[in-house]
Amino acid sequence: MIQDHYIIIQNDKIANNIYKMVVEGDTKVVISPGQFVNIRIEGCFLRRPISICDWNDKTITLLYKVVGKGTEILSEMKPLTKLDMLVGLGNGFSIKDSKVPMLIGGGIGLAPLFGLCRRMPQKTVVVIGADTQRSLFFVDEFKSLGADVIISTDDGSEGTKGFVTDAIKTNNIECDYFYTCGPMPMMNALNTYLPETVPGQFSLESRMGCGFGACVGCSIETTNGVKRICKDGPVFYRNDLRNECHKM
Amino acid sequence: MVNISVNLNGVQLQNPIIPASGTFGFGNEFRDFYDVNILGAISIKGTTKEPRYGNPQPRIAECSSGMINSVGLQNPGIDTVVNKEIPNLRKFYHQPIIANISGFSIDEYVECCNKVDALVDIIEVNVSCPNVHNGGMSFGTNPESAAMVTKAVKAVTTKPVFIKLTPNVTDIVSIAKACENAGADGLTLINTLLGMRIDIKRRKPIIANKMGGFSGPAIFPVAIRMVYQVAKACSIPIIGCGGVSNVDDVIEMMMAGATAVEVGTANLIEPMTCKTIIQQLPNRLLEIGFNNIQDIIGII
């Protein structure tokens, strides 16, 4: 991980409360999809952890949802603004051999699955959950990667009405491996729905003090002992979360 | 040449900057940012007799000039710290180590301090913990129980013992004096202030445990005031702690009476804080007319 200044080259609204920011700078420490950055925002005491959507050798793409003061300030930043960021934080997704991998993203949790999907060697099924049609984003981007995209919305304004599990059931999707990121209730429902024999990876979210393992503010109990979401995660194997899942 | 070294009861520090316990783990996390050997000392993660998961999530709440934490003394327990964490730290770090010990009974303090004594340079005793044998009242909130812990720990240790005091008391001077009279070699002050935030949309406290320790720049004036009061009343050295974020804060803390200074929450936001302070300290001292840092200790 490093601390450095990055230059905003794009910061646009792409859906209801959802923004896409592209920053330019050192990307060498980003090594896997699902890692995150921690952004210093003038006027906020704590940094804001934002998951990396995608990256290349010059830029990092961040998708974020405006949920409070910090992300609101972020959404108003203009291109060429310098951002102080900690980069290359956390352990991301590990791509595993599987015939039929399924990627399930709920709300802004979809963001890191794009960088993952782009790096998957095999065809994927991507299940996107949102509250309503206006909140959907990156549907075409996932399709352009060759993924089969299935959608659920809470109000039925697009795709299956209900949750991601309803969309999976309606479309009769089976998988032999899964990768997911989204709200805890969604991941909990998914954990209950998917047969116990299907392995997978969950990316978790937490309020964080530092984002790099020092304050242990974001610890959870796993089957491998106490782990820090920011440093040991945010991605955990399904097996490691046996204890945590029933609390999710 | 500006002298920035200080001496804590015979333990020579190359500079007065010490990352505060609980903000620096066991040193590993900061190695990506700088060589931790530049530090004056490291106060390692607060340790208890048994391993502790700590408090439920969420444990962190942001405030306008600080944060509340309710980590709840998560730590791997004294045996793992003694057998694994301290030896591991010694592999890449060659400056003084300060153990930070917590207990829920006098026996736990004694056992932990006894086990860690041979491996560290200074023992910092956190008396902010609730005493389970006395209705959960914190050891550090009255002079008698603070003195009891001090006396018991002093009896089983050979290293300088610093009692880390809680600011959540009506008269910190009486507690500091009780610790000094009970044989404490020094005092660290202050620990976090008890605080609370409420999520107005969810109509619930942000922290799962409702309340937690408030730290950060907001508490700096409280820390300065308490260090000043205690330094005037006691003659043992003080490690000043509370909201220190930059080089001027360090100088201010030392002028209030601290011999060394712990930097806590600032490490979490700006991981380079300690390095920056250490680099700036000599020139800043020269600018304000000093070439020996020891001359500013308790100058006011």
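A: Take a contribution to a lining: in the second largest pocket, β14(B) gives the most, with four residues. Strands are DSSP runs (E, at least two residues) and helices likewise (H or I, at least four), numbered from the N terminus. This is a predicted model, in which local features need pLDDT of at least 70 and side-chain atom pairs pLDDT 80 or more, while totals for chains, interfaces and linings use all residues. Residues count from 1 along each chain, chains are lettered from A, and side-chain values use heavy atoms without hydrogens or water.

Q: Which elements of chain B each supply at least two residues of that lining?
A: They are β6 (66-69), β14 (211-215) and α7 (265-269).

Q: What is the volume of the second largest pocket?
A: Rolling a probe the size of a water molecule over the atoms shows where empty space is left. Here a pocket is an open set of points on a 1 Å grid where a 1.4 Å probe fits, with protein on both sides within 12 Å along at least five of seven lines; lining residues have an atom within 4 Å of a point. The volume is about 1,200 Å³. The lining has 47 residues, with B:N69 and B:G213 among those nearest the centre.

Q: How many disulfides are there over all chains?
A: A disulfide is a pair of cysteine sulfur atoms within 2.5 Å. The search finds zero.

Conventions. Grid points are joined across faces, edges and corners, and a volume is the space filled by probe spheres set on the points.
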